[in-house]
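Welcome, and please take a moment to look over the model below. The report that follows walks through a few of its details.

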Protein chains: 2
Amino acid sequence: MILKIKTWSIAFVLVFTIAIVFLGQKITISANNSYPSIENIPMPQVEQPLRILTPANEIFNIASCKVNDLGFTIAQADIPPGAGPIPHVHYYIDEWFWTPKAGLELFHSTRQYPTIKEVPNIAGAGRADMYSIISQANQIIYSPNFYVHGFVNPTTETLPITFVWLKNDLAPVFPHDDGGMRDFFTEVGVKITDLNNLPSLNDKNKNAVVTEAPRYGMNQSSYFMEYVNSIDNQFPEELAKMQNDEDLKRVIEAVEAFNSGDKSVSCS
Amino acid sequence: MILKIKTWSIAFVLVFTIAIVFLGQKITISANNSYPSIENIPMPQVEQPLRILTPANEIFNIASCKVNDLGFTIAQADIPPGAGPIPHVHYYIDEWFWTPKAGLELFHSTRQYPTIKEVPNIAGAGRADMYSIISQANQIIYSPNFYVHGFVNPTTETLPITFVWLKNDLAPVFPHDDGGMRDFFTEVGVKITDLNNLPSLNDKNKNAVVTEAPRYGMNQSSYFMEYVNSIDNQFPEELAKMQNDEDLKRVIEAVEAFNSGDKSVSCS
């Protein structure tokens, strides 16, 4: 009898262990699973696109649009090896990342920091446990406000990314009514006049990203680990399933309308 | 009978689960456990201490000693908030970190990268899974060559750290016969003449740390995540138990001998 129970128990433990391993795999997404993707995010065809080199060494092509209550800025960007913004939090905008090519590494918290005065550092609200994901070709990642996030290009070739910054209900009115991102980058970055001859960044630009961020509804860390407690490279389902296709569709339709000559949409 | 087995199985699963949790705690060290510590690492009392501001914004007070086959450099350092070297690997030296005050955050891999040509990045040998630890007062952490490591000051006050760099058998002869660290920092840093008026660092200094590192037996990443795949904030036993008290004792005895006037030890 005792032997029988022992055998049963061993079998049970085995099944239990296998179940744990299986469950552990089910709650993460891997490179082989499906992911939200999109074929294209169109760029508003404005007369004079604004080109900016950001202090995170990103090469931006920026345009902003407005139609009714919808205000947003789109930035098509080239990210050289090692470039990309270190972790930060947005308050006035919700953001999408679209990666036409695979290879950029995005970082995201599951914890939200809902007030701008609660900075996610050791001296403030505490640092975030982060999750990383290497983006797939055409993948779209949605990042609403309040989360710590950032990305880097860990490869040896320049990679493209397109950002959509959509102003939300917390945003005060900024000149482009986009939640402030365009004016932020205009202030802290350097205007590019010749793509073959990029301007140089100085410490003033790099410091400004951190010091000016709150004025534009952001908390920006000044070194990589300032807002980071740990980094797990298994992106959890909780983050993978965050999507907002409805608003993204409204943005894309507005751009397409503008590009087709619809005068109700203004872009610049 | 079936019910009885079910009860037994549930009990077994409970015990099993508790055992896993207990085991999980046993293989990590926490702030409440004991840790290797030392009361003091003496500084060689040389006539003209070398003071250097490093590109990682560390304020170094450096002295190097030589006695028989023992060659080492000690640096007493002040680490301002956010400062500290991002991940790198040493080949010619073994290193100790001594933190008189608590609060610095150290990062360390368990994987070794035994040849300098195998760079721990995505394009090379692959990035490292890192483990972090917030240092305790007087804690001593030993880091032999080949491991990816680095540290940062995540607090809002300047914190002290003392480094011991002991040349190992792989080291070629450098002017101070210390495995090259003193000459490396002399080349890439900026000499401090007035501690109240620190020099400024430029991009040339910051680039030199990366480009000149291999000449001094190091691989140095150029951005935080270049050598990092993940960061777990549970420091594993495997790393916690790495110690080399014998060599550290030889170093300290050599410094004490020099400071007592023993002419067989030369320090400068």
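Is B:Asp177 buried or exposed? B:Asp177 is buried, with a relative accessible area of 13%. Here, buried means under 20% relative accessible area, exposed means over 50%, and partly exposed lies in between (1.4 Å probe, protein chains only).

Before going further, a word on how to read this. This is a predicted model, in which local features need pLDDT of at least 70 and side-chain atom pairs count only at pLDDT 80 or more, while totals for chains, interfaces and linings use all residues. Residues are numbered from 1 along each chain as its sequence is written, chains are lettered from A and ligands numbered from 1 in the order in which they are written, and side-chain values use heavy atoms, with hydrogens and water left out.

## Chain A in outline

Chain A has 5 helices and 14 strands. Helices (H or I, at least four residues) and strands (E, at least two) are DSSP runs, numbered from the N terminus. Of the 268 residues in chain A, 53% are buried. Contact means heavy atoms within 4.5 Å. Among contacts in chain A with a separation of 6 or more, 79% are between residues 24 or more positions apart.

In chain A, helix α2 (residues 181–188) packs with helix α3 (residues 203–212) at an angle of about 145 degrees, their axes being 9 Å apart. On the α2(A) side, the contact is made by A:Phe184, A:Glu187 and A:Val188, and on the α3(A) side by A:Asn205, A:Ala208, A:Val209 and A:Glu212. By class, these residues are 4 nonpolar, 1 polar and 2 charged. The classes work like this: Ala, Val, Leu, Ile, Met, Phe, Trp, Tyr, Cys and Pro count as nonpolar, Asp, Glu, Lys and Arg as charged, and the others, Gly among them, as polar. As for the geometry, axes are lines fitted to C-alpha atoms, for helices over the stretch in contact, and angles run from 0 to 180 degrees between N-to-C directions.

Turning to chain B, helix α2 (residues 181–188) and helix α3 (residues 203–212) pack at about 145 degrees with axes 9 Å apart.

## Salt bridges

How many salt bridges does the structure hold over all chains? There are 14. A salt bridge is a side-chain nitrogen of Lys or Arg within 4 Å of a carboxyl oxygen of Asp or Glu. Here are some from chain B.

| Pair | N to O distance |
|---|---|
| B:Lys66 and B:Asp177 | 3.1 Å |
| B:Arg250 and B:Asp69 | 3.2 Å |
| B:Arg215 and B:Glu187 | 3.3 Å |

B:Arg250 sits in helix α5 (residues 245–259) of chain B and B:Asp69 in the loop between β2 and β3 (70–79) of chain B, so this pair ties together parts that are 181 residues apart in sequence. B:Arg250 is partly exposed at 33% relative accessibility, whereas B:Asp69 is exposed at 53%.

Our opening residue, B:Asp177, lies in the loop between β10 and α2 of chain B. Its partner B:Lys66 is partly exposed, with a relative accessible area of 23%. In chain A, a network of salt bridges links A:Lys66, A:Lys167 and A:Asp177.

## A buried charge in chain A

A:Asp178 is in the loop between β10 (159–167) and α2 of chain A. A:Asp178 is buried yet has no salt bridge, and the nearest side chain of opposite charge, A:Arg182, is 6.3 Å away. For charge, Lys and Arg count as positive and Asp and Glu as negative, with His and the chain ends not counted.

What joins the side chains of A:Asp178 and A:Thr73? A polar contact of 2.5 Å does. A polar contact is a pair of N or O atoms within 3.5 Å; within protein, one must be able to donate a hydrogen and the other to accept it, and residues adjacent in sequence count only if both atoms are side-chain atoms. Beyond four places in sequence, A:Asp178 is in contact with residues including A:Ser64, A:Ile93 and A:Trp165.

## Positive phi values

Most residues other than glycine have a negative phi. B:Asp177, although not a glycine, has a positive phi of about 50 degrees. A:Asn57 has a positive phi of about 70 degrees and is not a glycine either. A:Asn57 lies in the loop between β1 (50–53) and β2 (59–67) of chain A and is partly exposed at 35% relative accessibility.
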